[in-house]
Amino acid sequence: MLIRNPKGWVLPESKATSEDVYLNRRKILQGMAGAGLIASIGTSAVIKSAFAAAEADPSVGLYPVPRNDRYKITRELTPEKIATTYNNFYEFGSHKEIYNAAQELKIRPWTVKIDGLVEKEMEIGVDDLLAKMPLEERLYRHRCVEAWSMVVPWSGFPLKELVKLAAPTSNAKYLVMQTFEDKSVAPGQRQFWYPWPYTDGLTLKEATNDLSFIVTGLYGKPVPKQNGAPLRLAVPWKYGFKHVKSIVRFNFTDKRPTTFWEALADEEYGFWANVNPEVPHPRWSQATERDIGTGERIPTEIYNGYGEYVADLYKDMKGERLFM
Ligand code: MTE
């Protein structure tokens, strides 16, 4: 992956939304919800002006959703402005400032295909899917293989709920997720040397782990396009490239998929991609990471600090490159 000037994205404090402001917004919205205001005004001008980025998204009224406090953070939340303007989304460019280009993506209608080794294949609109799923907010760390990290409030639903809905057959071993393909909105997809569509996958055991999460929101509103609207994966013990954005297909299979990054550079980006400070990338160390919110360099933790939830998944695996 390309590494850009690490300082280019740092916004002055005055331009970033602080955690206080974010928490305040939650309070205001929760208060409004409690007073029945959201229900009565719906996608009102009030919400629209407060949350300009969520314009015209029919799911805006679903947020904020209750926080699941099981997942603790020990670092400051990354300011929203930074988390939403420093992104990897190769469909829109191989640099970090793709947030304007990503606005070309049309996220409604958005149909998701669930197919492969399941009891009944289906195609479902994202709003129908959201209506079936238990939405919650989780504060997660997010560690990119490029050695930067952030801490953000994702909203969404546990991936295991989607697996339950799909009802995989007993032969299914992997869940493969794929991003949309549309060269007319995503200029990166005209670069034929990339193996589009962006694809990644998990074992079914990983997909049904408590931590695996399908993101639909961020900072108490629908997830912005540049962060993977309307559906994106979050598996916080793995490097960020596993976090497929703007998913259109969930395919259940008995074959381990070749992922986007494996197809490009297998020796650098493996299937498992679990975070480990002691296993360097072939071209750089993974011992530390730069927090893109504070700019601080901090030690990286095994499984990005989530070992208590996931280490058991790998305990009997021999001969696999679990950490790259
Ligand atoms: N998904 C798609 N479709 N295309 C991408 O280029 N980049 C990945 C991942 N998901 C990528 C993607 C990488 S390398 C990272 S680190 C995360 O998205 C970045 O997520 P963020 O921009 O929300 O921080």
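**Around the ligand**

Modeller: In this predicted model, a backbone N or O atom of Tyr-90 lies 2.7 Å from an oxygen atom of the ligand.

Biologist: Which residue places a polar side-chain atom 2.8 Å from a nitrogen atom of the ligand?

Modeller: A polar contact requires a pair of N or O atoms within 3.5 Å. A nitrogen atom of the ligand is 2.8 Å from a polar atom of His-243, but that atom belongs to the backbone. The side chain you ask about, with its polar atom 2.8 Å from a ligand nitrogen, is that of Glu-91.

Biologist: How much of the ligand's area does the protein bury?

Modeller: The ligand sits in the largest cavity, and 18 residues surround the ligand. Taken alone, the ligand exposes 530 Å², and the share of this area that the protein buries is 100%.

Biologist: Which class do the rings of Trp-193 and Tyr-194 fall into?

Modeller: Planes under 30 degrees apart count as stacked and those over 60 as edge-to-face, with the rest called tilted. The two ring centres of Trp-193 and Tyr-194 are 6.1 Å apart and the planes stand at 35°, so this pair is tilted.

Biologist: Is Tyr-194 buried or exposed?

Modeller: Buried means under 20% relative accessible area, whereas exposed means over 50%. Tyr-194 has a relative accessible area of 14%, and therefore this residue is buried.

Key: Residues numbered from 1 in each chain as written. Predicted model: local features only at pLDDT ≥ 70, side-chain atom pairs only at ≥ 80, totals over all residues. Heavy atoms only, no water. Near = heavy atom within 4 Å. Polar contact = N/O pair within 3.5 Å; in protein donor to acceptor, adjacent residues only side chain to side chain. Areas by Shrake-Rupley, 256 points an atom, 1.4 Å probe, with all protein chains shown as cover. 1 Å grid on protein atoms, 1.4 Å probe; cavity = no way out; pocket = protein on both sides within 12 Å on 5 of 7 lines; lining within 4 Å. Sits in = over half its atoms within 2 Å of the grid points. Phe/Tyr/Trp six-rings, centres within 6.5 Å; stacked < 30°, edge-to-face > 60°. Buried < 20%, exposed > 50% of the residue type's maximum accessible area, 1.4 Å probe, protein only.
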